[in-house]
Amino acid sequence: MANVLFLYVKAVKPNIGGIGRITCTLGELFRTESYKVWYAATGKPEGREFYDAQLFLTEDDYSSKANYDQLSKFILDNKIDVIINQIAPHKPVALLFERLKEEIGDRIKLVNCFHTSVLTPAYNYAYQVEYSLRKKNMGFVFHLLKWKPVKNYLIHSYIKHYRGLYKEAVESADVNVVLNEGQEEELCKMIGVKSHPSIQIIPNCVPTAKKSDAEKDNIVLWCGNFSCRVKRPDLMIDIWNYVSKKHTDWKLVMVGDGPDLEEMKGYAISNKIARIEFTGRVNSTPYFEKAKIVCVTSTQESFSLGAVEGMQHSAPVVMFNSFTMAPKLVENGENGFLVEDFNIKDFERKLALLMTDERTRIDMGKNARIKMVDYLPENIKERWKAIITI
């Protein structure tokens, strides 16, 4: 048995935010092994229900003296064995880890989890800023950013800027967890090594969704944060604008909120794009139960919970091969389609094929649900037990 403390920003909420949800899932998984679990957060939220067993620190900076004093007392009083940082790389936590090593030593195991893309933001930078550039009639800059010499310069500059942060994070922890081999490769490239003994690969696990008896509707589902920089809802709307004209008995449902939600609503209206439903932030499960197809248009993801939830509910996924986890989730032609990075026309073709070919869609949906066995808690638990065991 071990006593485990998760570090996160703000409060851990069981149904809000991808990393928050994953943290809750891991916590419940550890509790099935009789581990005691707590969560530390920098600041208690107002007006929202939050997860249990949380320690709310007094200041926003994890490395501040007040927070360190509060946290170190909590660690000693509760005999914490393992601290899992869910927000790596984060300089204040790296500083906190370094100080804990000095004052507590080997009695406690320090773990970083990298839940965000490492180099993908640099690789796909042009597509992150494409929408804003085109709005300003600066599409020529977008094409310039895709030019190989410029792209390579941007990647080099990105690594130079962030290498120190990532190296400090990696060296501050005993174990550094990434989600897949591609993310490990990106992290090693970022810190300038071919491999690192502290890096371990453990994918996220997701609770098993009950098989629904609900009849599927002609729904294409997109679910995520409305950020044209990261999730590219504008691309989904453009793709829908093309395929919807030949499939008038289908509709697109876009679940989620975010900084660009209202603009995307206006974008759909001004371009007279039919049959789009914007739900805002709601419980997404009923929509995954009813959707026949799920789409992911992101420029970067660490895991893509939206894709996983769709596959759990027997929906094939159409996804850009634009981040390291994408080919681990979608086996092209088996449980969905993996589309070449930001090839809009091919995405449209693959989506239209699934909307038309019911047999292919159903077979891929069955394969999608089978694929989720790879990410069931019981199949991930042993990897975490090996880390947590002192």
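Predicted model: local features only at pLDDT ≥ 70, side-chain atom pairs only at ≥ 80, totals over all residues.
**First stop: the seven-stranded sheet**

Start by colouring strands β3, β2, β1, β4, β5, β6 and β7, which is their order across an open sheet with parallel pairing. Now select residues 54-56 and 199-201: these are β3 and β7, the edge strands, and each pairs on one side only. As you turn the view, note that neighbouring strands here are turned by 25° against each other on average, direction ignored.

Next, zoom in on residues 36-41, strand β2, which is joined to β3 by three bridges in the parallel sense. Which residue of β3 stands opposite Ala-40? Select Leu-55 and you have found it.

Then pick residues 91-103, helix α3, which lies across β1, β4 and β5 (109-113) and runs at about 165° to β5.

**Second stop: the six-stranded sheet**

Move on to another open sheet with parallel pairing, whose six strands follow the order β10-β9-β8-β11-β12-β13. Select 276-280 and 336-339: β10 and β13 each have a single partner strand, so one side of each has no neighbour in the sheet. Between neighbouring strands of this sheet the average turn is 20°, direction ignored.

Now show residues 219-223 and 251-255, the parallel strands β8 and β9, joined by five bridges. Here Ile-219 stands opposite Lys-251 in β9.

Finish with residues 233-243. Helix α9 lies across β8, β9, β10, β11 (293-296) and β12 (317-320), and its direction is at about 170° to β9.

How values were computed: Residues numbered from 1 in each chain as written. Heavy atoms only, no water. Pairing = 2+ DSSP bridges. Helix = DSSP H or I, 4+ residues; strand = E, 2+ residues; numbered from the N terminus. Axes fitted to C-alpha atoms, helices over the stretch in contact; angles between N-to-C directions. Contact = heavy atoms within 4.5 Å.
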